[in-house]
Amino acid sequence: MKRRVNWDLVRLYVITAQEYHPGRSVADVMEQTLIGGAGMLQLRNKTGSKAEIAEQARALRVLTRRYGVPFIVNDYPDIALEADADGVHLGQGDTSVQEARALLGDDKIIGVSTHCIEHAMRAERDGADYIGVGPVFETATKPGKAAVTTAYVREAAKLVTIPFVAIGGITPHNAGSVIAAGARRICAVSAIVGSADPAGACREMLRLLDEGDRAAAGAERHMIDRASVTVTLNGNRYDTTATNLESLLTELGQRDKRLVAELGGEIVPRIRWQDTALADGQRIELIQFVGGG
Ligand code: TZP
Ligand code: MG
């Protein structure tokens, strides 16, 4: 099978950072994240020698294989290849996707860090398999890098067609806002590997992602329901996607007319139109009044 990851299983992507867990080994902390449900792991080591990084890569390859989780090496396509990792992750200033692809072939995953939608579009065109979207918030893990905010997450959710992970300063306290902006996958470093309980931190992130899924499914159901609302309007059946009386009147081009709206026999004052929800089967009477002042 070619570099295919089951992205449905990748909700939480965890990256190593030894400096956040002095006294505990990378293997131990990363195994805890796998126990907690991390769906993808990355080795990121900005200070070690290539020999050290290659050794860590080999150890994490064995560990991730035991848990059936994809494993990515940051920065070094050659180490990824040598350790038989599933792929490599590249920053904007690293080797190009094309060069990494030439070395790794089609069987490996290539991820790219992006900080704006132009980066994202380029990564897609270049054949990246996934992108990182961030840093969403400022973070000590990548000091001096401006936050892209949830505005970029929202843009990515609309426009990016390959899987993306939101990254940068994400913790269980702010993950809700990132998920609400449209992220289905989160990547985190300090909030997970810097936690005294990495497995618990993973479970909490996954719980928030599940909660986001349920909210999104609810919103979708709501939209489907909305599409099929049928009301009786002045005695006639009328199908509408309007969600409230105000939008119904706008849809009918009647909003600015001198009207009285009656819903189920009760007059609804104009000030309440906006928050009067429409429901299937409601009877609405619109009565024009003329003259007077
Ligand atoms: N790329 C963008 S932000 C970041 C990387 C590697 C660091 C994220 O770390 P943390 O600790 O989750 O903020
Ligand atoms: Mg890099």
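This is a predicted model: local features need pLDDT of at least 70, side-chain atom pairs count only at pLDDT 80 or more; totals for chains, interfaces and linings use all residues.
In what order do the five strands of the open sheet lie?

Residues are numbered from 1 along each chain as its sequence is written, and chains are lettered from A and ligands numbered from 1 in the order in which they are written.

**Figure 1. Overview of the protein and its two domains, domain 1 (7-220) and domain 2 (229-288).** The bounds come from an automatic or database domain assignment. Between the centres of domain 1 and domain 2, taken over C-alpha atoms, lie 49 Å. The protein has 10 helices and 13 strands; helices (H or I, at least four residues) and strands (E, at least two) are DSSP runs, numbered from the N terminus. The radius of gyration is 26 Å, well over the 19 Å of the globule rule for 293 residues, so the protein is more spread out than a compact globule. This radius is taken over C-alpha atoms, and the rule is 2.2 Å times the number of residues to the power 0.38. The C-alpha trace spans about 90 × 40 × 40 Å along its principal axes.

**Figure 2. The open sheet of five strands, with mixed pairing.** The order is β10-β9-β13-β11-β12. At the edges are β10 (236-240) and β12 (266-268), each of which pairs on one side only; two strands pair if DSSP finds at least two bridges between them. Neighbouring strands are turned by 35° against each other on average, direction ignored, with axes as lines fitted to C-alpha atoms.

**Figure 3. Pairing of β9 (residues 229-233) with β10.** The two strands run antiparallel and are joined by five bridges. Leucine 233 faces asparagine 236 of β10.

**Figure 4. Buried side of helix α6 (residues 149-159).** Thr150, Tyr152, Val153 and Ala156 are the buried residues of α6. They lie on the same side of α6, because they cover an arc of only 150° around the axis; the arc is that of the directions from the helix axis to the C-beta atoms. A residue is buried if 20 or more other C-beta atoms lie within 10 Å of its own, exposed if 12 or fewer, and partly exposed in between, with C-beta atoms placed from the backbone. The buried residues pack against α5 (117-126), β6 (130-133), β7 (164-167) and α7 (175-180).

**Figure 5. The face of α6 turned away from its buried side.** Exposed residues on this face are Ala151, Lys158 and Leu159.

Key
Two residues are in contact if their C-beta atoms, placed from the backbone, lie within 7 Å. Axes are lines fitted to C-alpha atoms, for helices over the stretch in contact, and angles run from 0 to 180 degrees between N-to-C directions.
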